[in-house]
Amino acid sequence: MAPVTTPSADPWSRQLWQEITPIFEAIVAHPFITGLTDGSLEADVFAHYVAQDVHYLREYARTLALIGARCPTLADTAMFAKHAAGVVDDELALHASLLPELGLDPADIAATPVAPTTVAYTSYLLSTTYSGSFVDGLAAILPCYWIYLEVGRHLVTEGSPDPRFQRWIDTYSGDEFAAAVAEVIALADRVGPTLDPEAQVQARMHFTTTARYEWMFFDAAFRRENWPV
């Protein structure tokens, strides 16, 4: 399944997406995702996802701030600073509004255990961005942007009978989120063609790895993953 009218699909970003097409197809076929549109997803499964996403997004915002500090231009640094603030202002605000409707107190989320997949994914993002090159970090953060946009666009055509699920779909299929994703894809398309072959292989590896983590994150929520011991 090809990405839906994604802006600025220059050769490097198209190459990246083509490598994760099977992963994206597995994501949109996952019962967590299909359950959003047919309304069959259990509320406690969605609540588990939202709680884990609060933990994830806090670390993702830190990752964006870190990669922003390593950007090649001040304009790119300002872009990531804006995006990091947007995670707090928009996405975490969405979750804060959803939590009470799912029977969870936003004040108690900090005490909710961070699930193994959440720990693994956020640790990978932070370690790659901190210890790798700027492009390694950029490639690692891009799937979260891009896959959520394409999932939102895939789901919005069907909608959801559950207003809580519909608000989630509307957030990630909206023009404001699409504009932010387009900015990051445009940056990737500027820097990707300048890389030597070894750096390109390394960046593609990070991109594919975090795309896999996106599938794992939805699957972990569906299973209500917790620590086994």
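I started with the UniProt annotation "domain: Thiaminase-2/PQQC", which comes from an unreviewed entry and covers residues 17-223. UniProt positions are given in the numbering used here, feature names are shortened, and annotations may be inferred rather than shown by experiment. This is a predicted model, in which local features need pLDDT of at least 70 and side-chain atom pairs count only at pLDDT 80 or more, while totals for chains, interfaces and linings use all residues. Residues are numbered from 1 along each chain as its sequence is written, and side-chain values use heavy atoms, with hydrogens and water left out.

Over residues 17-223 I read 82% helix and 0% strand, with the end C-alpha atoms 27 Å apart. Helices (H or I, at least four residues) and strands (E, at least two) are DSSP runs, numbered from the N terminus.

Entry: α3 and α4. I looked up helix α3 (residues 43-69) and helix α4 (residues 74-101), whose axes come within 9 Å and cross at roughly 165°. Axes are lines fitted to C-alpha atoms, for helices over the stretch in contact, and angles run from 0 to 180 degrees between N-to-C directions. The angle makes α3 roughly antiparallel to α4 (under 35 degrees is roughly parallel, over 145 roughly antiparallel, 65 to 115 roughly perpendicular, the rest oblique). The residues of α3 that meet α4 include Phe46, Val50 and Leu57, and those on the α4 side include Phe80, Val87 and Leu98; contact means heavy atoms within 4.5 Å. I noted the classes in this contact of α3 with α4 as 15 nonpolar, 4 polar and 3 charged. Ala, Val, Leu, Ile, Met, Phe, Trp, Tyr, Cys and Pro count as nonpolar, Asp, Glu, Lys and Arg as charged, and the others, Gly among them, as polar.

Entry: α3 and α7. The axes of α3 and helix α7 (residues 163-173) come within 11 Å and cross at roughly 40°, and the two are therefore oblique to each other. Ala43, Phe46, Tyr49 and Asp53 in α3 meet Arg164, Phe165, Trp168 and Tyr172 in α7. The contact of α3 with α7 has 6 nonpolar, no polar and 2 charged residues.

Entry: α5 and α9. These pack at about 160° with axes 9 Å apart, so α5 and α9 are roughly antiparallel to each other. Tyr121 and Leu125 are among the α5 residues that meet α9, where Met205 and Phe217 are among the partners. I get 9 nonpolar, 6 polar and 1 charged for the contact of α5 with α9.

Entry: rings. I find 21 aromatic pairs in the structure. Rings of Phe, Tyr and Trp (its six-membered ring) pair if their centres lie within 6.5 Å; planes under 30 degrees apart count as stacked, over 60 as edge-to-face and the rest as tilted. Tyr124 and Tyr213 form a tilted pair, 5.9 Å centre to centre with 50° between the planes. Tyr124 lies in helix α5 (residues 116-131) and Tyr213 in helix α9 (residues 197-222), 89 residues apart.
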